[in-house]
Amino acid sequence: MKTGIQVTGIAQVNQILGAIAPKHAKNLMRATVQDVAKQLAKSASQAAPASDSGGDLKRGIKPKRERGDRTTVASTVRASPFYWRFLEYGQGPDGVEHAFMLKALQEMRPDINRVYLETFGKKLAAMLARERKKAGN
Amino acid sequence: MAAEFEVQKALYAAINGLGYVCYDAAPQAADGGSAASFPYVEIGAIVMVEFDTAYETGFDFVARIHTRSRSGAMKETKDIQGAIYARLHRGTLAVTGYNTILIQREASDVTRVSDGSFHGVCEYRGLIEYAG
């Protein structure tokens, strides 16, 4: 089962950046989307249950950069232990629906524009600093 | 009454109206097994976040609807999911004290459980605003 958040308005930003520096634009968008996925993964990881001895699930929730296409960049949040879905949907040994992925997603949803813009600003500043350094300024 | 409860009540009424057995939490037998009458629908996690504007208050929620069946195939589960979809998707939900702006299905899945039964999960996203 796949669900997600779609952010609108990025198309215009991408269009402007794409016109002046296409390669940088795509890298910037990719880094931004990946960072948003990283924040979502961190939030899901905090909400995930852990046994006293383990923590495999908490450690196993990670963002993954996806291939996307010519006009789209994509990242997903994945949990590597196979039993994540049993705990997420209440099929685990405790029978409790932990809904840690859903909670993380819902928590981010109202703030997605702020999260996205902050992350974008951070990544843009970092990219400009790198370019300045490369140019020797 | 809390919006969480009102949403659950509205979902319960909508699903019950379709003629399916609907539980808040499925009953358990003394031996730890299920005492529920299959097939049944269970209202699972409802995660709500604020959906406030300058003048209105409201909630953005996702509700999980679980469908459980002991039929020999997935069809029964899918039929129930389909009936719930027809009732709820872009339909109306009577949430006491709130106006429903939107309710729509966002995801749907069916898996086989280790005891041989089928477990369907649908996620419905809704937006409600305070009617007061």
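**View 1. Arg64(B) is a buried residue, with 21 other C-beta atoms within 10 Å.** Here a residue counts as buried if 20 or more other C-beta atoms lie within 10 Å of its own, as exposed if 12 or fewer do, and as partly exposed in between, with the C-beta atoms placed from the backbone. The model is predicted: local features need pLDDT of at least 70, and side-chain atom pairs count only at pLDDT 80 or more, whereas totals for chains, interfaces and linings use all residues. Residues are numbered from 1 along each chain as its sequence is written, while chains are lettered from A and ligands numbered from 1 in the order in which they are written. Arg64(B) has its place in strand 3 of chain B; helices (H or I, at least four residues) and strands (E, at least two) are DSSP runs numbered from the N terminus. Once neighbours within four places in sequence are left aside, the residues in contact with Arg64(B) are Gly44(B), Ala45(B), Val121(B) and Glu123(B), a contact being two residues whose C-beta atoms, placed from the backbone, lie within 7 Å. Arg64(B) and Val121(B) are 57 residues apart along the chain, yet a distance of 6.6 Å separates their C-alpha atoms.

**View 2. Strand 4 and strand 5 of chain B form a hairpin with five residues between them.** The two strands run antiparallel and are joined by 13 bridges, where strands are taken to pair if DSSP finds at least two bridges between them. In the turn of the hairpin, Gly116(B) has a positive phi of about 95°.

View 3. Arg90(B) is exposed, with 9 other C-beta atoms within 10 Å.

**View 4. On the side where chain B meets chain A, 15 residues of chain B are in contact with 14 residues of chain A.** The elements of chain B that give two or more residues to this side are strand 2 (40–50), strand 3 (58–69), strand 4 (98–112) and strand 5 (118–130), and strand 2 gives the most, with five residues. By class, this side of chain B has eight nonpolar, two polar and five charged residues; Ala, Val, Leu, Ile, Met, Phe, Trp, Tyr, Cys and Pro count as nonpolar, Asp, Glu, Lys and Arg as charged, and the others, Gly among them, as polar.

**View 5. The largest nonpolar core has 50 residues.** Such a core is a set of buried Ala, Val, Leu, Ile, Met, Phe, Trp, Tyr and Cys residues joined through C-beta atoms within 7 Å. The members that touch the most others are Leu40(A), Ala44(A), Ile61(A), Val7(B) and Ala63(B), and helix 2 (residues 22–47) of chain A gives the most to this core, with nine residues. Leaving aside neighbours within four places in sequence, the residues in contact with Ile61(A) are Ala41(A), Ala44(A), Ser45(A), Ala48(A), Val77(A) and Ala79(A).

**View 6. Ala99(A) has a positive phi, near 50°, in a residue other than glycine.** Its place is in the loop between helix 4 (84–89) and helix 5 (100–108) of chain A. Ala99(A) is buried, with 21 other C-beta atoms within 10 Å.

**View 7. Helix 6 (residues 112–135) of chain A has 24 residues and reaches 34 Å from its first C-alpha to its last.** This span is close to the expected 34 Å at 1.5 Å a residue, the expected value being 1.5 Å times one less than the number of residues. Of these 24 residues the number buried is one, so helix 6 lies largely in the open. Gly136(A), which follows helix 6, has a positive phi, near 80°.
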